[in-house]
Amino acid sequence: MMAKRTMTTTKQDRPEIERLKALLEVHGGNRERWPSAARDEIEQLVVCDPQAAGIVAEARALDRLLDEAPALAADRLSHLADAIVAAAQAEGRWQGADLASESSHITSLPIKGAPTSRRRTDEPVSGLAAHARNATGWRPFGMLSGARRGPVASAAMLCASLMIGVVIGLSFTSVDVATDSQVVADAGDDVALRQLVIGEETLDKMVEDLL
Amino acid sequence: MAVKPGHQMQTAFTGADDDASSDRVLIARMAGGDADAFALLVKRHVGPVSAIARRMLGDDSEAEDVTQEAFLKLWRLGAGLTIDGAGVRPWLRRVVSNLAIDRIRARRRTNVTDDVPEVAVPAEQLKSLEGDAVAERVDHALQGLPERQRLALTLFHFDGLSQREVAATMDISDEAVESLLARGRRGLKVALANDWRELVAEGEVD
């Protein structure tokens with residue numbers, strides 16, 4: 001048994017193959033991604049050793065497959081860029097660092113496509129007043145955008161956001177439940193798979209902490 | 001096997017110095033309320049940033065949401081953002097990675113299963129769909145990886161970051177990145193065994 005094993009792998013090249021496998025598992029099959037110190041050694045090994053050449057070919061095949069992973073299509077990307085800019089302009093702008101220190105002021109923000117320049121007012125607004133303004137449709141976009149706000153107005157916004165979040169969460173959950181009911185037969189396998197992935201993620205975290 | 005020939009890995013660091021200084025100028029303008037400067041930043045970075053989101057989330061719409069969220073954070077921060085010599089891309093990369101992982105975890109908490117009922121594909125369409133099918137299998141294999149392995153591979157393979165840059169983005173050690181990459185590739189190799197064996201057999205990867 002030992003003699004047969006010695007015939008297929010010598011004591012000298014076996015560790016090299018193991019090192020090669022370990023290196024390719026990290027860096028893949030693209031020569032440019034290999035550590036520069038290892039490139040020459042790998043290339044010599046590939047020329048001399050068919051097993052090494054096969055291992056590199058496998059790594060390159062996996063790289064080629066990975067390159068096939070979907071990305072957003074060009075037209076979608078273009079629409080996304082436009083949507084991001086439009087959303088930013090509609091939102092107006094606030095500077096997060098200033099929010100706490102200047103939270104006693106209400107800032108009016110652009111209404112329906114107005115320029116992004118900010119106009120500040122020191123007018124005090126209570127939470128109920130702010131709520132009433134929203135409820136009556138007065139300056140709705142100003143209230144919903146990300147302006148610097150008074151603390152009470154901010155609290156009102158937070159409450160509104162939470163309510164919206166709950167509604168959205170419930171609607172998504174109901175959609176999920178409807179969808180899930182169609183694949184109930186697969187649920188057991190899926191849960192087991194998820195538990196496996198979660199277990200491996202826990203392992204990842206432990207390894208990261210250790211290293 | 002319908003792997004597109006000449007399909008090259010994206011390299012994200014061409015002209016990085018120019019981009020970085022230009023990013024600084026654009027951010028300064030953006031902080032002064034210049035929406036055109038923000039639009040230029042979006043145009044410059046939306047491709048690679050959305051690609052991270054797409055590969056992490058496996059879904060176009062969710063990737064778009066997360067990408068938009070990342071850029072709106074940039075917009076809101078304005079002058080509050082300090083960028084170093086690498087420009088704004090590392091900051092965006094880190095933000096979109098965190099947002100994607102948050103979304104994956106939220107999805108896991110709310111969904112029993114992500115599976116969509118399979119719809120039978122007419123036989124005559126199968127051949128033309130082969131390329132898409134490979135992409136779908138790769139996507140599915142990626143989505144099957146634990147999120148940290150997926151993120152490490154996304155940043156290293158797709159975004160072209162070095163091991164050290166991946167470590168900095170994920171705030172872990174180089175050794176931890178090595179471990180994530182190795183286990184990620186091992187998982188993919190198992191999941192895509194039929195596909196890579198076919199490529200090797202066809203001699204397409206010499």
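Reader: How many helices and strands does chain A have, and what makes something a helix or a strand here?

Author: Chain A has 10 helices and two strands. Helices are DSSP runs (H or I) of at least four residues and strands are DSSP runs (E) of at least two, numbered from the N terminus. Starting at the N terminus, chain A runs α-α-α-α-α-α-β-β-α-α-α-α. Chain B has 10 helices and zero strands, with the pattern α-α-α-α-α-α-α-α-α-α.

Before we go on: this is a predicted model, where local features need pLDDT of at least 70 and side-chain atom pairs count only at pLDDT 80 or more, while totals for chains, interfaces and linings use all residues. Residues are numbered from 1 along each chain as its sequence is written, and chains are lettered from A and ligands numbered from 1 in the order in which they are written.

Reader: Why is Asp171(B) called exposed?

Author: Count the neighbours. A residue is buried if 20 or more other C-beta atoms (placed from the backbone) lie within 10 Å of its own, exposed if 12 or fewer, and partly exposed in between. Asp171(B) has 9 C-beta neighbours inside 10 Å, so it counts as exposed. You'll find Asp171(B) in the loop between H8 and H9 of chain B. Its phi is near 60 degrees, a positive value in a residue other than glycine.

Reader: What share of each chain is buried?

Author: In chain A, 22% of the 211 residues are buried. In chain B, it's 41% of the 206 residues.

Reader: Why is H8(B) called roughly perpendicular to H9(B)?

Author: Their axes come within 9 Å and cross at roughly 100 degrees. Axes are lines fitted to C-alpha atoms, for helices over the stretch in contact, and angles run from 0 to 180 degrees between N-to-C directions. Angles under 35 degrees count as roughly parallel, over 145 as roughly antiparallel, 65 to 115 as roughly perpendicular and the rest as oblique. So H8(B) is roughly perpendicular to H9(B).

Reader: Which residues of H8(B) and H9(B) meet?

Author: From H8(B), Gln163(B), Arg164(B), Val166(B), Ala167(B) and Met170(B) meet Asp174(B), Val177(B) and Glu178(B) of H9(B). Being in contact means that two C-beta atoms, placed from the backbone, lie within 7 Å. By class, this contact has four nonpolar, one polar and three charged residues. Ala, Val, Leu, Ile, Met, Phe, Trp, Tyr, Cys and Pro count as nonpolar, Asp, Glu, Lys and Arg as charged, and the others, Gly among them, as polar.

Reader: And what makes H2(B) oblique to H7(B)?

Author: The axes of H2(B) and H7(B) come within 10 Å and cross at roughly 140 degrees. That value makes H2(B) oblique to H7(B). On the H2(B) side, the contact is made by Ala51(B), Ile52(B), Arg55(B) and Met56(B), and on the H7(B) side by Arg150(B), Leu151(B), Thr154(B) and Phe158(B). Five of these residues are nonpolar, one is polar and two are charged.

Reader: What makes a set of residues a nonpolar core, and which residues have the most contacts inside the largest one?

Author: A nonpolar core is a set of buried Ala, Val, Leu, Ile, Met, Phe, Trp, Tyr and Cys residues joined through C-beta atoms within 7 Å. The largest has 50 residues, and those with the most contacts inside it are Ala53(B), Val96(B), Ala100(B), Ala152(B) and Val177(B). H2(B) gives the largest share, 10 residues. Leaving aside residues up to four places away in sequence, Val96(B) touches Val49(B), Ile52(B), Ala53(B), Val66(B), Thr67(B) and Ala70(B).
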